[in-house]
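Hi,

Here is the structure I promised to pass on.

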Amino acid sequence: MNINTSIKDGRAVIAVTEDAVHKDYAEILPALEKAGQLDEVAFDLKQMYYIMSSQIAELLGVKKWAAKGNIPVALLNVNPGVYQVLEMTNLLNLFIIRQDYSCYSLDELMDMFNSPENADAVSAYLSSPYT
């Protein structure tokens with residue numbers, strides 16, 4: 001599956017892969033509308049290393065839908081290639097961009113922990129329930 005939508009506590013997280021096509025995105029809006037009141041719609045892009053114009057159009061479609069309900073839209077775990085495309089198209093200001101470690105499995109977090117530039121943030125996330 002190229003898109004997986006989970007809704008919990010007023011937050012919709014939509015995990016997207018780079019292979020997602022229009023018919024995959026077509027399932028998003030009905031799921032969001034069925035969810036009722038949402039505080040945030042977030043796209044987890046950790047498995048997306050490039051983004052096509054059709055995928056940008058789908059993100060903008062969800063952004064437009066969310067704007068009607070004053071719901072913020074976030075892009076989580078954006079890889080550098082996708083970030084550069086959004087920056088070049090001047091679309092960064094339309095979305096909240098942030099790293100969200102809750103979208104990663106423990107194995108993925110441990111791999112990230114071994115990277116010096118991520119070690120502090122991953123360590124803080126993993127220890128947060130205990131502080």
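Let's start with strand β2 (residues 11–17), which is mostly covered, with 5 of its 7 residues buried. Buried here means under 20% relative accessible area, with exposed over 50% and partly exposed in between, using a 1.4 Å probe and protein chains only. Helices (H or I, at least four residues) and strands (E, at least two) are DSSP runs, numbered from the N terminus.

Before going further, bear in mind that this is a predicted model: local features need pLDDT of at least 70 and side-chain atom pairs count only at pLDDT 80 or more, while totals for chains, interfaces and linings use all residues. Residues are numbered from 1 along each chain as its sequence is written, and side-chain values use heavy atoms, leaving out hydrogens and water.

Now the sheet. It is open, has 5 strands in the order β1-β2-β3-β4-β5, and its pairing is mixed. The edge strands are β1 and β5 (96–98), each pairing on one side only. From one strand to the next, the twist averages 20 degrees. Two strands pair if DSSP finds at least two bridges between them.

On one side of β2 there is strand β1 (residues 3–8), paired with β2 in the antiparallel sense over 6 bridges. Asn 4 stands opposite Ala 15 in β2. The hairpin of β1 and β2 has 2 residues between the strands, and Asp 9 takes a positive phi there, near 55 degrees. β2 also pairs with strand β3 (residues 40–47), this time in the parallel sense over 6 bridges; Ile 14 has Phe 43 in β3 as its bridge partner. Further along, strand β4 (residues 73–76) and β5 pair in the parallel sense over 3 bridges, and Ala 74 stands opposite Ile 96 in β5.

Helix α3 (residues 53–68) lies across β2, β3 and β4, running at about 160 degrees to β3. Contact means heavy atoms within 4.5 Å. Axes are lines fitted to C-alpha atoms, for helices over the stretch in contact, and angles run from 0 to 180 degrees between N-to-C directions.

Finally, a helix pair: the axes of α5 (residues 106–113) and α6 (residues 116–127) come within 8 Å and cross at roughly 140 degrees. That makes α5 oblique to α6 (under 35 degrees counts as roughly parallel, over 145 as roughly antiparallel, 65 to 115 as roughly perpendicular, and the rest as oblique). Residues in this contact include Leu 106 and Phe 113 from α5, and Val 122 and Leu 126 from α6.

Cheers
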